[in-house]
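Please read the following report alongside the sequence and the coordinates.

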Amino acid sequence: MAQTTDKSGIAAKQEVSISRRSMLVGSLGATVGGLLATDALLAEAHAAHATPPKVDVGHGSHPGSLSNRIYSVNPAHPGGADIAENPTNIPPAITRREPATVRVDLETKEIEANLDGKARFRFWTFNGTVPGPFIRVRVGDTVEVHLKNPQDSWMMHNVDFHAATGPGGGATATTAAPGEERSFTFKALNPGIYVYHCAVPPVALHIANGMYGLILVEPEEGLPPVDREFYVMQGEIYTEEPFGSSGLLTESYDKLLNERPEYFVFNGHVGALTEHYPLRAKVGETVRIYMGVGGPNYSSAFHVIGEIFDRAYQMGSVTSEPITNVQSILVPPGSANIVEFKCEVPGRFVLVDHALSRAERGLAGYLIVEGPENPEVFNAPPNEHDSGH
Ligand SMILES: [Cu+2]
């Protein structure tokens, strides 16, 4: 089943002058080569990023810069620009039993969107969501990747698939300036759950701003059936302003290099998996969570408070036997795990990174399980201290 790109367009699309595009290509295009860029080239890219030159935008009536560009509103969330990916947005299990060619369309959309209830941030995304779309193929499939960088983008972008065997995972082949489209194909040789991400230097910046997602390469026999599947990814956001600030926040390249994020998020923004898209299941159901870390820097000690992972596929390996009966599982940046468990009792279970200071910086999600009480498994009297949180 091919992934499709929402072609419905981007609001407030603006014409971009040739001079500005030339500037971007000139300053950052030299760093094409992604992960192979030299320190000097990375420094150049950094300098170009840190001091965006004044360029003409639109009719030339006002100077453009990274700080005053008119960012587009995400067409996927017309009620308010919001880049959170719905964790249930996962293609169904593959039923065919022979290889196929699967087309994947990715569009690199730069979007100003909600970071929490009072702050906004300029995200860089695949297809308008963080994480980008969940891609599902089968071992032996040929994946045909089409990456489009819209005309109104400010940055070059590309995509590196960890599921691909080949230089850069496709990063060099797909590096596209604003207005360009690139494609490549790879054969999915190894089953597993893999991260994909933008790899234009500074790579950490493109990832921190939201450019990561997961691709599942199913083994020949598929994965065991479960009742519900969820798609969760963890990332860090580096802002000049401290956590909890209001208004449009500014990204901090210094904090990024020093690995000092202000925010930690599941699925793009604070509250994405608590207020916006809490995970939901029923008593008796088995759930599977694909849990990836975009990062770019912090590993996750992924834990669901009040649950035990019956099975966990470590480091994205679906061909190794899963480990069983696990409380927390380590997910490094650029990797993903699969955890599965049965929901025996109703209630609200909180997804966390058990490095719990990060919960104070935005990192939490809910799994809400509904159904009859099961006092044999869990029987607790009411407590007046229960605030419902
Ligand atoms: Cu990018």
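The sections below go from the whole chain to individual residues.

## Confidence

This is a predicted model. Over the protein chain the average pLDDT is 84, and 78% of the residues reach a score of at least 70. Residues 1-80 stay under 50 in pLDDT. Where pLDDT is low, the predicted coordinates should not be read in detail.

## Overall make-up

The protein chain has 389 residues, of which 46% count as buried. Its secondary structure consists of 5 helices and 22 strands. Among contacts with a separation of 6 or more, 76% are between residues 24 or more positions apart.

Strand β21 (residues 347-353) runs antiparallel to strand β16 (residues 300-305), and 4 bridges join the two. In this pairing, Phe-302 lies opposite Asp-353 of β21.

β21 also pairs with strand β22 (residues 365-370), again in the antiparallel sense, over 5 bridges. Arg-348 has Ile-368 in β22 as its bridge partner.

## Pro-150

The loop between β6 (142-148) and β7 (160-161) contains Pro-150. Is this residue buried or exposed? Pro-150 counts as buried because it has 20 C-beta neighbours inside 10 Å, and the cut-off for burial is 20 or more.

Pro-150 and Glu-107 are separated by 43 residues in sequence. In space, the C-alpha to C-alpha distance between Pro-150 and Glu-107 is 7.2 Å.

Technical notes:
Residues are numbered from 1 along each chain as its sequence is written. This is a predicted model: local features need pLDDT of at least 70, side-chain atom pairs count only at pLDDT 80 or more; totals for chains, interfaces and linings use all residues. pLDDT is the predictor's confidence in each residue, from 0 to 100. Two residues are in contact if their C-beta atoms, placed from the backbone, lie within 7 Å. Two strands pair if DSSP finds at least two bridges between them. A residue is buried if 20 or more other C-beta atoms lie within 10 Å of its own, exposed if 12 or fewer, and partly exposed in between; C-beta atoms are placed from the backbone.
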